[in-house]
Amino acid sequence: MDDLARGDSAVHHIHPLMLFLVTIAYSGLVSSFGRYAIVPVLPFVLYPVIIFAVSKTPVKPIFKRALIVLPLILGIGLFAVIFDRSIVYFGSSVYYGGWFNFASLVLKYGLIVISALLMMSTMGIDRLAYALRLIRIPKLIVLQILLTYRYISVIGEEIARTVRAYKLRSFGKKGIHKTAWGPLIGQIILRTYERSQNIYAAMLMRGFDGNYHPGANIRMKFKDIAYLIFWIAFFVLARIFDLPTLLGNAIAGVL
Amino acid sequence: MSHHITEVKNLKYSYPGGKEAVSDISFRILHGESVGIIGANGAGKSTLLLLLMGILTPQSGEVVIGEVKMTKKTIPSIRQRIGMVFQDPNNQLFMTSVYDDVAFGPRNSGIGEDEVAQRVAHALEQVGIEHLGDRAPYHLSEGEKRAASIATVLSMQPDILVMDEPTSSLDPQSRRRFIKLIKEFKHTRIITSHDLDMVYDTCERIIVLKDGLVAADGAAKDILSDEKLLGECGLELPLSMQGCPKCDADI
């Protein structure tokens, strides 16, 4: 994601605060749709499609990461299928509401996750931190976000090393035996703690005093504000009016 | 040049478990000196460096950098004058790009972004990795990581460079490049290592630690050729001083 964020497209040059606000507005409006809404949500697919195209962000790594949260979305969706026993009328047909609810959930939250990943891949964690500080999010919280992001890779490395060491001495047995779970988790926690202490010491050595300095101030330009206005206007229109139905009716009227 | 003197007086430190890592260490390092601190595992080298940087607080004794005694109040200003290169460069590279990592220290010191850019460019150039500025640190090779971690310290323009096992995990050519680089620096250098050949190549003075005490302190050529002393301290002669096994066999 950090490599993608160093891209050089028009989207990458948009002020990080605008990218952040557009993503927040997008997520808020998409999640505000009713539980059976599918067709009215479809215009919102345009946003990620356009951002993918303009920012030249490869689709594969974004979808791969989106897949990580897919089981969670599917899990919530399945609850909707089980517990939502209502009936939905679609045209002249009658359908079981649970499945509509499921499809709507997957569509909406899938789009939100992809938009968040696109935001990260076009501005990176440092510019996100900068945007958060601009809207007066306390520096302690911003710092927590930054350090958590840094430590994810540290924890990942420690887990990989510990699991590799276990596997080398487990003589081809699959998985990790339940008796080893306790010591392994303990080891990983201790080693991660030690590693994070070393990183913190390295930060202190270089004058870290609890304040994060992201570098030069990024100046807001007219194009940044235009970007925000354009997308917010589109999202609000798409939220208020059922654009696919209106478009369908208009085409049907002409024909 | 008394402001660049590093002085350690009767330093003592025990870890919370009770293990005494540093028993009583004193030395004085002058401006521009290149000093190797050697010793077997557990001799107290790494603890000494942590005390020198103010990461650990000694139970007794003091560290004086220039004319400033290290206290909680003076630690921030002292850390601006000492740059420490960690044994594991992964601990030192925590930003998303090499540039941001090298800029981390200067930005914390509050200087303008133009000067930060100049310092970063100069530091990257000094270690020969100006082409890696935009790369993510975790994508670099070990040699490149080591160079980047040195650049993160050089950009702070320290008076004193402290390095903990700087050649560990470097391949022979990267190690050779590193030795050449270190020899070019004019800073005061304090290097701890088990790589005695590197220490011999880069340091004119050696301090040998044993069980938390200074076992010897003198010229590198004298100490590193003293087989008896090195043996008593759990060390061996540097390979370059052990003679050629093939020639010895021929004789």
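Predicted model: local features only at pLDDT ≥ 70, side-chain atom pairs only at ≥ 80, totals over all residues.
The domain assignment of chain A gives domain 1, covering 1–136 + 218–243, and domain 2, covering 138–212.

**Domains of chain A**

- The C-alpha centres of domain 1 of chain A and domain 2 of chain A are separated by 31 Å.
- Four residues from domain 1 of chain A and six residues from domain 2 of chain A form the contact between these domains.
- On the side of domain 1 of chain A that touches domain 2 of chain A, there are three nonpolar residues, no polar residues and one charged residue.

**Overall form of chain A**

- Chain A contains nine helices and two strands, which follow the pattern α-α-α-α-β-β-α-α-α-α-α along the sequence.
- The radius of gyration of chain A is 23 Å, whereas a compact globule of 255 residues would have a value near 18 Å.
- Taken along the principal axes, the C-alpha atoms of chain A fill a box of roughly 70 × 50 × 30 Å.
- Of the 255 residues in chain A, 24% are buried.
- Where contacts in chain A join residues at least 6 apart in sequence, 80% of them link residues at least 24 apart.

**A residue of chain A: S31(A)**

- S31(A) belongs to helix 2 of chain A, which comprises residues 16–31.
- S31(A) counts as exposed because it has 12 C-beta neighbours inside 10 Å, and a residue is exposed if that number is 12 or fewer.
- Leaving aside residues up to four places away in sequence, S31(A) touches K108(A) and I112(A).

**Overall form of chain B**

- Chain B contains 11 helices and 10 strands.
- The radius of gyration of chain B is 19 Å, close to the 18 Å given by the globule rule for 251 residues, so chain B is as compact as a globular protein of that length.
- The C-alpha trace of chain B spans about 60 × 50 × 40 Å along its principal axes.
- Buried residues account for 45% of the 251 residues in chain B.
- Among contacts in chain B with a separation of 6 or more, 65% are between residues 24 or more positions apart.

**A helix pair in chain B**

- Helix 4 (residues 98–108) of chain B and helix 6 (residues 142–154) of chain B have axes that come within 7 Å and cross at roughly 30°.
- Angles under 35 degrees count as roughly parallel, so helix 4 of chain B is roughly parallel to helix 6 of chain B.
- V98(B), D101(B), V102(B), F104(B) and G105(B) of helix 4 of chain B meet A148(B), A151(B) and T152(B) of helix 6 of chain B.
- The residues in this contact between helix 4 of chain B and helix 6 of chain B comprise five nonpolar, two polar and one charged.

Note on methods
Residues numbered from 1 in each chain as written. Chains lettered and ligands numbered in written order. Helix = DSSP H or I, 4+ residues; strand = E, 2+ residues; numbered from the N terminus. Rg over C-alpha atoms; globule rule 2.2 N^0.38 Å. Buried ≥ 20, exposed ≤ 12 C-beta atoms within 10 Å, placed from the backbone. Contact = placed C-beta atoms within 7 Å. Domains from an automatic or database assignment. Nonpolar A, V, L, I, M, F, W, Y, C, P; charged D, E, K, R; others polar. Axes fitted to C-alpha atoms, helices over the stretch in contact; angles between N-to-C directions. Parallel < 35°, antiparallel > 145°, perpendicular 65-115°, else oblique.
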